[in-house]
Amino acid sequence: MQKYIVLIADGCADLPIEALGGKTPLAAAEIPHLNALAAQGFVGRANTIPEGVAPGSDTAILSIFGYDPRCHYTGRSPLEAAGSGVKLCAGNLSFRLNLAGAQDVGGELTMRSHSGGNIEGEQALELMAALHADAIFVAELHKLGMAISVNPSFRHIAVMERSPGAMATTPPHEIVDRPIAPYLPSGAGEALRGIMLRSYEVLKDHPVNRARLSQGKLAANMVWPWGEGSAIELPSFESVHGKRAAAISAVPLVWGIANLSGVAVRKVPTATADIDTDYEGKADAALCALSEGFDCAIVHVEAPDECSHDGDLAGKLEALKRIDSRMVPRLVEGVRGMGASLRLLVLSDHYTLLSTRGHDGTPVPYLLYDSEQDTGRSQSFCEASAQKGPLIDPATRLMGMLFQAKKSSYFDADGRLTSLPSRDGPRLEALSKLAEAFEPGRDYRENEVGEILDTLHTFGDRFLLRRELVDRGLLKRTRSGDRYWRE
C-alpha cells in the first residue's frame, strides 16, 4: 500500500541572516528529523511563482496542487471565498478584507500589523459588529454595493455586486511599518477608501482596542480590502492526478483551493494560523484521512509565514522546530504503522523574507522522501542544498513527481538518470530533462555544473553528460569553459 503526504511549511524559505552567522532560518533551525529525511531523500528547487505572477500563497499553492496560476488565477479572494462558504455569482467581485492595525505616526497613518495583532475570536467579531452598527460605514457599503462575510479572525471576505472597473490594491502584509497613503486602492478602487478610512475612525478608540493596547498588543482598527477577483473553476484534483486527496489547514485560502478542486477539507478545531497551532492535531488529521482510504494528505502550516511578516526571527526558528519535532516523526511513523509505504514532499510555498516582511518569488527548496529508498546523499534540507539539486520549473510538475505519474525506464523513482539511452530520440529526451535543472539566464562554473549533474544520475559520469549537453546546445559555454548557462 502506497500513501503520499505533502507538507507545506508556508514561507519557511528565506535569505541568509547576519544574526544567524550568514545562515538562513531553515539552515539554522533545529530540524533533525527533516535533515535525516533529506539525507535519505532528494533535495531540489521548484519554481512555484511563474514569471509575471505576483508571489503569494494563493499563486504558489495553486502551483503546488498542479494548477498553473497563469491559467486559473483571477485573484486571491475568490479562493478564500470558496473556503469560507461564500458563493460568487457571475459579475461579482470579491475581496479579502483584513482587519488590520494602523497607527498615527506624526499625523500619518502607518501600517503596523496586517493582521491587527493576529486578532481572533470574539474580539474580531465584536469589532466587525461595531462597524456594521455605524450608520456612515454601512452607507459607504451600500454605495459600493458591497456585503461583508465576517469570520472570527482578521480574515474576512467582501463581495461587490459588480466590478466598478480596473483597480489596484496592495496586500497589507507587504507594507508593514510603511505609511499607508501611497498604497491605498487606486483606479476604480479609490471608491474603497471610504470604508477603510471610516473603519479607522470607528475602531481606533473602541474598548477592545483600548484593552489590547493596555496589554501590549497591537490594535485592530482598519479594514483593508485587497486580492480582488472573480469566480473561478478548477478541474478536479483526482481527474488531473488520479489520486484522492484531503487537505488539512487552518486558513480559508487552502480550504478554498481544496473545495474548488474536489479535495476533501479536514478542519482541526484546535488549529490556528499562528505559531500556537495544534501541530499534533494536524498530523493526526492527515493520518486519519489516509487511514480512511485517501491516497494523499496535503498538510499546510502557516506559522513560519506569519512569524516572517511579524519580523520575528525567534518565532520562525521555533515554528520550524515544532514542525520538525511535533509533526514530521508523527507522520512518518503513523504511515509506517499502517503497513504502508510513504512518499513525502516537504516544501515552502514561497520565500517570506524577515528582512522585508514580504514575499519573494525565488524558486523554493523541496524535499522528496521515499520510505522504500535511501539515496545516501547525506544532504540537509535548506536553501543551499536545494541550490545544488534540480530545478522543477514549473512547480505544477511536483505532484506528478510525487505520484510518479510519468515513469521512464531510464530514470529511477527519484528522477535520476540510470543510463544514457543509445537511440537518439530517447537520448535527447533524457538530456533535455537534465537540462531543466539549470536555471535559464544564470551563469554556472564548471564545478557547479558537475555537482548538479552528480545529483541527477546514478552511473557516475558527469563529464559525459556535460559534454552531451553542450554538444546538443542544451547548455552553452564560453570557449575557455569557465562559464556555462542555459538559454
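This is a predicted model: local features need pLDDT of at least 70, side-chain atom pairs count only at pLDDT 80 or more; totals for chains, interfaces and linings use all residues.

Tutor: Residues are numbered from 1 along each chain as its sequence is written, and side-chain values use heavy atoms, with hydrogens and water left out.

Student: In what order do the eight strands of the open sheet lie?

Tutor: Strands here are DSSP runs (E, at least two residues), as helices are (H or I, at least four), numbered from the N terminus. Two strands pair if DSSP finds at least two bridges between them. The pairing in this open sheet is mixed, and the order is 11-10-12-1-13-16-2-17.

Student: Which residue is the bridge partner of A246 in strand 11?

Tutor: Strand 10 (residues 245-248) runs parallel to strand 11, and two bridges join them. The partner of A246 is A264.

Student: What is the bridge partner of Y444 in strand 20?

Tutor: An open sheet of three strands, paired antiparallel, has the order 18-20-19. Its edge strands are strand 18 (443-444) and strand 19 (476-477). Two bridges join strand 18 to strand 20 (residues 484-485), and Y444 has as its partner Y484.

Student: Are helix 14 and helix 15 roughly parallel or roughly antiparallel to each other?

Tutor: Axes are lines fitted to C-alpha atoms, for helices over the stretch in contact, and angles run from 0 to 180 degrees between N-to-C directions. Helix 14 (residues 313-326) and helix 15 (residues 328-337) pack at about 20°, with axes 3 Å apart. Angles under 35 degrees count as roughly parallel, over 145 as roughly antiparallel, 65 to 115 as roughly perpendicular and the rest as oblique. The two helices are therefore roughly parallel.

Student: Which residues of helix 15 meet helix 14?

Tutor: Contact means heavy atoms within 4.5 Å. From helix 14 come I323, D324, S325 and R326; from helix 15 come V328, P329 and R330.

Student: How much space lies in the largest cavity?

Tutor: On a 1 Å grid over the protein atoms alone, a cavity is a set of points where a 1.4 Å probe fits but cannot get out, and a pocket is an open set with protein on both sides within 12 Å along at least five of seven lines; lining residues have an atom within 4 Å of a point. Grid points are joined across faces, edges and corners, and a volume is the space filled by probe spheres set on the points. The whole structure has two cavities of 30 Å³ or more, and the largest holds about 130 Å³.

Student: Which element gives the most to the lining of the largest cavity?

Tutor: Among the 17 lining residues, R76, R96, E302, D305 and E306 lie nearest the centre. Helix 3 (57-65) and helix 13 (303-309) each give two or more residues to this lining. The most, three residues, come from helix 13.
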